[in-house]
Amino acid sequence: LQTDFGLRVTYDEDQVIMVAVPSSYFGVSCGLCGNFNEDTDDEAMVPNGGHRASDETHLGDSWKVGDVPGCSAGCGAECPVCDAVQVQPYRGDRYCGVIIRAGGPFRECHRVINPEPFLQDCAFDACHYKGHRDTVCQGVSAYVTACQSQGVDVEMWRTAEFCALSCPTHSHYELCGSPCQPTCHTPTVPSSCPTSPCSEGCFCDTGYVLSGSDCVPHSECGCEYLGHYYQKDTEFYPSCRERCRCGNSGTVTCQEAFCGAHEECRVEDGVLGCHPTGYGRLVVSGDPHYVTFDGRTFNIPGSCTYVLARVCEPARRLANFTVLVEHETGSHGDPVLMKRVVVSIHGYTVTMERGWRWEVDSERYTLPLVTEDKNLRIGQEGNNIVLHTAAGVRILYNTATFLLITVPDVYRGRLCGLGGDYDGDPSDDFRLPSGALAGTTQEFVTSWKVPEKDRACTDGCDDGVCSRCDVANEATYGRNGSCGIIRDAEGPFRGCHPRVSPVEYFTHCVHDVCAASGDHAALCHALQAYATACQAAGATVEAWRTKDFC
């Protein structure tokens, strides 16, 4: 983005953001990037106060402009730690060392931009991700971006073995590509386009132009319609009464539009069209407590893998999906925990494992991640990992004690599994795979078990000892300083009560805190489960964490 007054913002949609301002802004800017006065000692200033922030978290918080559901100020006691000794190996040639190598590909840049902070950041990230290739390459490429933005020539630094870049179809890698690229909208680059600074990346092959972010031959270009550009073969709604399609050679054909059952016409995520009238929510939390799409509750003490939800009544234009959850029993009397969640949708299988491990089709990726076909978007929001799918199914997992599956209303009555059938009636949720109603909760749970070859699992509690709680303790943990906060009519969650019933969450909280003998972490996790469910339902939650509480 370039403006007529000299501001330039570059963003690679992933890891690197760069802002350049002309010298007329010397000493008059502020924010996380400091005040641009050539004095590095007064950078960490908070707004309006003219004083320095006490630490990074304070600095970040002071410039915060909005909250994302699940967003928290810092990682507190749970911050991952990499000390100088652990970071050292990642400063070497096998990882980030190329940034600072004396005769290396960036030597011309060393005297223009100090490489040390970039090396430090690269090694820090590489250490936290245990040398993950993507992290190292992003760290090095941040230095490349900075050098090129100053007009400095860098030499080829990627090799087949180190940070090789694979480009999408009909495009190729260039170390120093021009910012003026032909697009379907402007197939001929205007002579006024500034050809510098150049940047590295993927550029369209000869004979191809950009349509959105894809390289296509001229014949495959999309359509201009009422001032907007649409890619070929996409459907769009210029108004609620009209659905159009972009076809061959830029022709747009339109017809009268009607939304299907459980859909309405509105703007969602900036796009006008037929969107679900509502969403169903399935929650698994704590010492696994289940709340089905229709609101029925039950607990599972078993340590097996189960079908949580899948499409049993397929329909045209409805994406099939399956969600499996694997439990793991704690040590004697400890709560059962979710170990792994596996989602299959749009031809991908995504594994989320307790403790931040990520797999998509068995490869490990760092977040955020968007698949090439744009059908899956996986990111971190606050303490949660969130998977958004093109079908509207959304999975939120805090990689420990809370899982929320949100499905659009088009799936009503078409699902099965432990989450029930989502037909609005909780009394028929306990259906077996055969479609018959189960006689007992245990029969229902066992029927959705996934057979496993290499792992023994139990359906109940070992030796019949389930984490239990005696009545005297229940009263203690039900008070306002504890789980009572959830249902307190004057408390921070009061605005949520009309949207998400606090009853089940309160009961689950008392059970978990009691089973953990009053453990503070169990209480915080239970409160966080209710907070996340409230935010997902669009309710306002007031601040409930304090410096000394959670």
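**Notebook: a charged pair, then the cores**

The model I am reading is a predicted one. E326 I noted as buried, at 7% relative accessibility, because the cut-off for buried is under 20%.

I then checked how R340 and E326 meet: their side chains form a salt bridge, 2.6 Å from N to O. R340 sits in strand 19 (residues 336-345) and E326 in strand 18 (residues 321-329), so the pair ties together parts 14 residues apart in sequence. I followed the shared partners and got one network of salt bridges joining E326, K339, R340 and E353.

I searched the whole structure for salt bridges and have 17 on my list. One of them pairs E235 with R245, with the closest N and O atoms 4.0 Å apart. E235 belongs to strand 9 (residues 235-239) and R245 to strand 10 (residues 242-246). I recorded E235 as partly exposed at 42%, and R245 as partly exposed at 37%. Another entry is E108 with R111, at 3.5 Å between the closest N and O atoms. Here E108 is partly exposed at 38%, whereas R111 is exposed at 69%.

Next I turned to the nonpolar cores. Which residues touch the most other members of the largest one? I found L308, F321, I395, L403, I405, V407 and L418, out of 46 residues. Strand 17 (residues 305-311) gives this core its largest share, 5 residues. Apart from this core I noted another, of 32 residues, including Y477 and L527.

Last, I listed contacts of L418 beyond four places in sequence; among them are Y290, F298, L308, F444 and W448.

How values were computed. Residues are numbered from 1 along each chain as its sequence is written. This is a predicted model: local features need pLDDT of at least 70, side-chain atom pairs count only at pLDDT 80 or more; totals for chains, interfaces and linings use all residues. Side-chain values use heavy atoms; hydrogens and water are left out. A nonpolar core is a set of buried Ala, Val, Leu, Ile, Met, Phe, Trp, Tyr and Cys residues joined through side-chain atoms within 4.5 Å. Buried means under 20% relative accessible area, exposed over 50%, partly exposed in between (1.4 Å probe, protein chains only). Helices (H or I, at least four residues) and strands (E, at least two) are DSSP runs, numbered from the N terminus. Contact means heavy atoms within 4.5 Å.
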